[in-house]
Amino acid sequence: MSLHWNEIEKIAKAWTIEAGENIKKALENPIEVKAKSNPDDLVTQVDKETEQFFYQKIKETFPGHQFLGEEGVAEEGKLNSLDGTVWIIDPIDGTMNFVHQRYNFAISVGVYHEGVGMIGIIYDVMSNEMFHARKGEGAFLNDDELLPVKERPLHEAVIGVNGRWLVEERNVYQNPLRALVRDVRSIRSYGSAAIEMAYVAADRLDSYISVKLSPWDYAAALVILNEVGCVASSFSGETLSLLESGTVVTAKPQLHKEVISLYLGEEF
Ligand code: 2AM
Ligand code: CA
């Protein structure tokens, strides 16, 4: 069984590197950008081609596996169960960075078996940093093993959060988030949830918080975070769904408890 997952992990990493090379090549030409749900929600032909690349590879190599991707290229339509082995993929996490900066975006690949996270890969394409983990085998940044995380008190914590959530009037969490941002040492916003959660695992951030993420944003991150002893849940402390979007708080365990009990866990 463990050899099986070892093989799948090797294949998944090789495909991720190849997809990254294709994305770098695509950046040599103009990128065609379209808006999705709103004018700031962007998608490019590279997002779609990259998802298609993974979908084809998975269907050819593992015809019995299921597929969930942000751009919805799967011919079988929407995923509605986590039965068997499921690949959950964000072809480009941080599309706005991809378009505006040509930097700070990642390919995120999570592989789950009967709902349990087995493999997580977050590949920051331009910085050549691959964060990866296999269940029970530790987490790595390229060839270096990541250490189990050490706690830092809340007032010394640096957390990843998108500043928009602090000024968005319709966001019911605006006030508790503002209180949290006042109390921590500082905040950072990199524009790619996958990279920010990988940074929590690598101890570059103490926590990452978002009012809305989707399964493809965090599927890979959950596997990596778990291996270094970090915790992830919704703002009310529930396990994250792999089929629905929602609020997300990831952090070192003690900090996670404090953020939920003192700031985000109550109804406001
Ligand atoms: P994306 O680039 O794959 O869309 C930006 O703060 C982060 O939030 C990115 O990881 C982005 O992923 C994600 N994101 C942006 N809009 C989102 C939405 N409506 N639902 C879920 N995730 C979103
Ligand atoms: Ca995406």
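For what follows, Ala, Val, Leu, Ile, Met, Phe, Trp, Tyr, Cys and Pro count as nonpolar, Asp, Glu, Lys and Arg as charged, and the others, Gly among them, as polar. The model is predicted, with local features needing pLDDT of at least 70 and side-chain atom pairs counting only at pLDDT 80 or more, while totals for chains, interfaces and linings use all residues. Residues are numbered from 1 along each chain as its sequence is written, ligands are numbered from 1 in the order in which they are written, and side-chain values use heavy atoms, without hydrogens and water.

Let me turn to ligand 1, which is surrounded by 14 residues, each with a heavy atom within 4 Å of the ligand. This shell divides into 3 nonpolar, 6 polar and 5 charged residues, and its largest share, 3 residues, comes from β4, strands here being DSSP runs of E with at least two residues, numbered from the N terminus. Because domain 1 (5-145) and domain 2 (154-264) both give residues to the shell, ligand 1 lies between them, the bounds coming from an automatic or database domain assignment.

As for polar contacts, meaning pairs of N or O atoms within 3.5 Å, an oxygen atom of ligand 1 is 2.8 Å from a side-chain N or O atom of Asp 93, and an oxygen atom of the ligand is 2.8 Å from a polar backbone atom of Ala 193.

Terms used
Polar contact = N/O pair within 3.5 Å; in protein donor to acceptor, adjacent residues only side chain to side chain. Helix = DSSP H or I, 4+ residues; strand = E, 2+ residues; numbered from the N terminus.
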